[in-house]
Structures are given as structure tokens and as C-alpha cells.
Amino acid sequence: MTAAATDTLRRTPLHDRHAAAGARLVPFAGWEMPVQYPPGIKAEHLEVRRNAGLFDVSHMGQVETSGPDAEPFLQHVLSNDVTKLREGGAQYSVLCREDGGVLDDLFTYRLEDGRFLTVTNAANHERDHLWMAGHAEGYDVTVRDAADDYAMLALQGPCAPEILAAHLGDGEAPARMRTARARVAGVECLVCGTGYTGEGGAELLCAHEDAPALWDALTASGAAPTGLAARDTLRLEVCFHLYGNDLSEDRTPIEAGLGWAVKLDTDFVGAEALRAAGEPADRLVPFAFTGPGIPRQGNPILVEGKPVGLVTSGTLSPCLGIGIGMGYVPAAAASPGTPVEIDVRGRRRTAEVREKPLYRKEQ
Amino acid sequence: MAAEQTYPDDLLYHDEHDWARLEGEEGTFGITWFAQDSLGEVVFFDPPEVGTTISKDQPYAEVESVKAVSDVVAPMSGEIVAVNEALGDEPAAVNDDPYGEGWMVRVRLTDPTERDQLLDARAYEKLVQES
């Protein structure tokens, strides 16, 4: 990495904490982010499944929508039914182009005073904000880039609720898919019962200057610093989509299996194209290897010996100890149990289509 | 736990971060401390088959961490006479003991003079420090 490239990268308010903890910092979507800490990806991953991990996700963006028409405006641009989103609630949706291609996948929180906060992927943030602002004509709304207002931490794992409760004082943690304002370790936060690991816990939004104190309090209580690499393996085990891998402008949310977050009758931007497209030819499916090997993004997927699609995400599952991934295949090959092969750099590895999620916590 | 950074004096080194331990007409190959540290925890080693002919400077195997795949380059040419099957079950031995339990293949060398093109420990360590 050259010095010039490093100079242009943005740093989160927790950069010093990561450096002090011995993190490996890498460029990610214009930010210098911790990809892993000294324990390593596998150990960090398992720590989140067994105890609790803490992620700096301050690179993620936020767009705040306010004004009398905030709800009808968001209904116009987001795929889900925003009228079902009550104050203090959270909702997943996608942002579509007119042709149904996916621009981003997003969580929207409904705050007090009719305001909404939409969390964007770092790499898409500016485009999302411009897209939303560009579709606001005719609506009495303010669409504001609020990314500089917030640092964002994700506290995840079976012990995360306990750690959070210890720092909430008299406050109460929001339920899953709910949000609440609360002081956590003395820091004013928007606490959201959401996450990207399949574990319990919360995502915490706070002011930049408060982030180090919040980080210190939560790590002191046993939440292990966890890098973006483990975040990726954790989300893939539970089949959460990653924009740029599993979602793109070339794919519709229906192909991607996100029909549950797409309410065509709300007539959002892209709904007409999706309605006209009908049943998609391809489907995004999770798969697991039945033998050795590790699938990687871009590996061809074969059905009955013929290439039919590409792996969009692949890794070795730290919990299952086998190669896992997701990729697009023809609808006829999308049923769980369908045998497939993955061409891993010239070697055909055996796999089968599985149900979501690939990893399920033992009851 | 991961090994401490070392580059033993009795080995020869290839600038693609591989080592060779020469014993008569045979050599044992593996990857260096620097290579395993850059890669992270090794979770998969796909060994070549015994009998395979390998060529100096060409990849002969792949080693994978959770995030990345890396080619393993032959420091010298020859025919593989043994592979470290134990790495199938314990690939992290490459991290724990890169010059011992983490060895990858044993090779009958076809051109022992190729050793003259390899680096000694001091020269290799210098290369690593400058990279």
C-alpha cells in the first residue's frame, strides 16, 4: 500500500483503538478499517457465536428523511411497506432502479417527530443519498446526508444483551427490530435491535466524540473486538446478503430471495419492472460443500457438468468446518438438496444447495 | 499459538516466501514465517499427488486462509516423493510450526545446482524487512 493511498482513506473515531489493539487495518470502501485483530478471523468468529463481539461499523452511512411527506416519500423509493413501520421500529428494504436492479439494501428506523434514519452501505452511501434526494421532487421532505453525525458500533453474540443491560442503567434494551434512545455507559445512543451476524445484540449509533468511551466500556465488559473479515463469515453462515457480492444492479431483489421485503402493491420505484418480469429465471441459493475445498467469489457453479452461474460469496464456515457460499443458479436447480459442483480454480468440488440459514444455533 | 518470527540458518529461501531443507538428493519444502503471517490462519491445504513433477518458480500447491488463497511456489525442481498428509486435518500447523510440522512436500531434486539461486537466511530476512 502506498502512502498516498493511505492518506486519502477516511478514519473512524475508533482508529486509535484499533491500532492499539494490534488490528490489521485495510482500505475498505474509502475507509481504513480493521479487517482482523490478533486472535484472527476464526477465533473472532467463534467468540461472537459463543460470547460477544464488538464491531466498528462507523463506515456505514446514514440518510435522514424528515418533513410532512417523509412516509409517502420513503414508500416511493424503498421496496418494503413503510406505512407498516411504526415509531421505534426497524425495517429492511432495498433501493431499486427503475428496471428493478438493486442499488443498495438498507435498514430504516422510524424515529420520533416523523423522522426516519436509513442506514446505507459505505460503498453506496453517496449514490444512495443522491438517488433519494433526486426522487424527492413533489414531496415535502428534507433528505439529509447524516453520515457525519454518527459513529456506529455493533455488539453481537449470546452474551451481548447481558453486556448491554449492564451499561443501560435504568434504561431498557429495545426488542429485536425495535429501536430506542438510551444512555449506554453514559453515552447518548440510538440503540437498535438489529445486526448482521444472526446473533442477539444491538447496533449502537452515537456521536463521533463519544465512540471511544462507548468502545472502551463495552470491551472492558468482555465484548471482543471483531474485524470486518469475521463479520463477513458470520453473515454468510446465516445467509445475509452482502451488497456488491450477492446483490447488484444486475440482479433484482426477487432473484436475490428478498421478495419478503418487496411489496409490489406500494408502487415503489422499480415495482412496475419487477411485476412485468414475473418469475425470475435465476435464484440466489446457499450451498455447502459435501467434500473438501473452499468456494470463492467468481467460481463457476455447475449443474450436471454445465456452468450455470457464479459464486457470489464463499468461505470456509468456521462453525461448520466446511466450504459454504451463495450464488445464482437457474430456478430449476434452486431446490434444497440439488447436487451442484463448484469449479474452484480448475478443480471441481462437490456441493449441494441448502436451505437458509446454513448455520443454525443448536437449540 | 502462532510461532515467533524466525528464519533458520540451515534452510534456503525463495523470494516468493518458500523454504527448502536440502538432504542429499532430496529437499523438503514449506512456506516461511512471513508467508504464514501474511496469510493468517491456514484452514485448508490442497496437496499435490506423490509422483507429480514440479518446476522451480512454479506453483505446486495452494494454501488457504478463511479470506484468501495463496499459491505455494516450488523453490527447486523435482518429483514429489512425499506430502504432509497431516496438514489435511491440522492445516494450522503451517502457522504453529512453519519449518517443522508445517512442512508441505518432500521432493527428489532434478537439478541440485538450482540451490545456488536461492537465498540464505540473512539475505531472505533482509528481503522481508524491506518489503
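This is a predicted model: local features need pLDDT of at least 70, side-chain atom pairs count only at pLDDT 80 or more; totals for chains, interfaces and linings use all residues.
Which residues does Ser65(B) touch, not counting those up to four places away in sequence? Ser65(B) touches Ile294(A) and Arg296(A) from chain A, together with Leu39(B), Gly40(B), Glu41(B) and Val43(B) from chain B. The residue belongs to strand β6 of chain B, which covers residues 59-65. Its relative accessibility is 3%, and Ser65(B) therefore counts as buried, the cut-off being under 20%.

Helix α8 spans residues 228-237 of chain A, and 10 of its 10 residues are buried, so the helix is largely enclosed by the rest of the structure. The buried set includes charged side chains, among them Arg231(A), Asp232(A), Arg235(A) and Glu237(A). It also includes Leu228(A), Leu234(A) and Leu236(A). What do the buried residues of α8(A) pack against? They pack against strands β1 (24-28), β2 (31-36) and β3 (53-56), helix α3 (41-50), and strands β16 (306-316) and β17 (323-330), which belong to chain A. Just after α8(A) comes Cys239(A), whose phi is positive, at about 65°.

I now come to the salt bridges. How many does a search of the whole structure find? Over all chains, the search finds 36. I shall discuss a few of them, starting with Glu112(A). The side chain of Glu112(A) meets that of Arg115(A) in a salt bridge, at 3.1 Å from N to O. Glu112(A) also forms a salt bridge with Arg181(A), where the closest N and O atoms are 2.9 Å apart. This second pair links distant parts of the chain: Arg181(A) sits in strand β10 (residues 179-184) of chain A, Glu112(A) sits in the loop between β6 and β7 of chain A, and the two are 69 residues apart.

How accessible are these partners? Glu112(A) has a relative accessibility of 25%, and for this reason counts as partly exposed. Arg181(A), at 42%, likewise counts as partly exposed. Arg115(A), with a relative accessible area of 19%, is buried. Glu112(A), Arg115(A) and Arg181(A) are linked with Glu64(A), Arg144(A) and Asp149(A) in a network of salt bridges.

A further salt bridge joins the side chains of Glu188(A) and Arg183(A), at 3.2 Å from N to O. Glu188(A) is partly exposed, with a relative accessible area of 40%. Arg183(A) is partly exposed as well, at 49%.

Next, some points on backbone geometry. Ala185(A) is not a glycine, yet it has a positive phi of about 50°. It lies in the loop between β10 and β11 (187-192) of chain A, and its relative accessible area of 30% makes Ala185(A) partly exposed. In chain B, His17(B) also has a positive phi, near 75°, in a residue other than glycine. His17(B) is placed in the loop between β1 (12-14) and β2 (18-23) of chain B. Is His17(B) buried or exposed? At 18% relative accessibility, His17(B) counts as buried.

Chain A also contains a cis peptide bond, which joins Lys356(A) and Pro357(A), with omega at about -15°. Pro357(A) is found in the segment after β19 (347-353) of chain A.

Asp96(B) and Trp33(B) are 63 residues apart in sequence, while their C-alpha atoms are 9.4 Å apart in space.

To close, I return to two of the places visited. Ser65(B) touches residues that include Ile294(A) and Arg296(A), and helix α8 of chain A has 10 of its 10 residues buried.

Terms used
Residues are numbered from 1 along each chain as its sequence is written. Chains are lettered from A and ligands numbered from 1 in the order in which they are written. Side-chain values use heavy atoms; hydrogens and water are left out. Helices (H or I, at least four residues) and strands (E, at least two) are DSSP runs, numbered from the N terminus. Buried means under 20% relative accessible area, exposed over 50%, partly exposed in between (1.4 Å probe, protein chains only). Contact means heavy atoms within 4.5 Å. A salt bridge is a side-chain nitrogen of Lys or Arg within 4 Å of a carboxyl oxygen of Asp or Glu.
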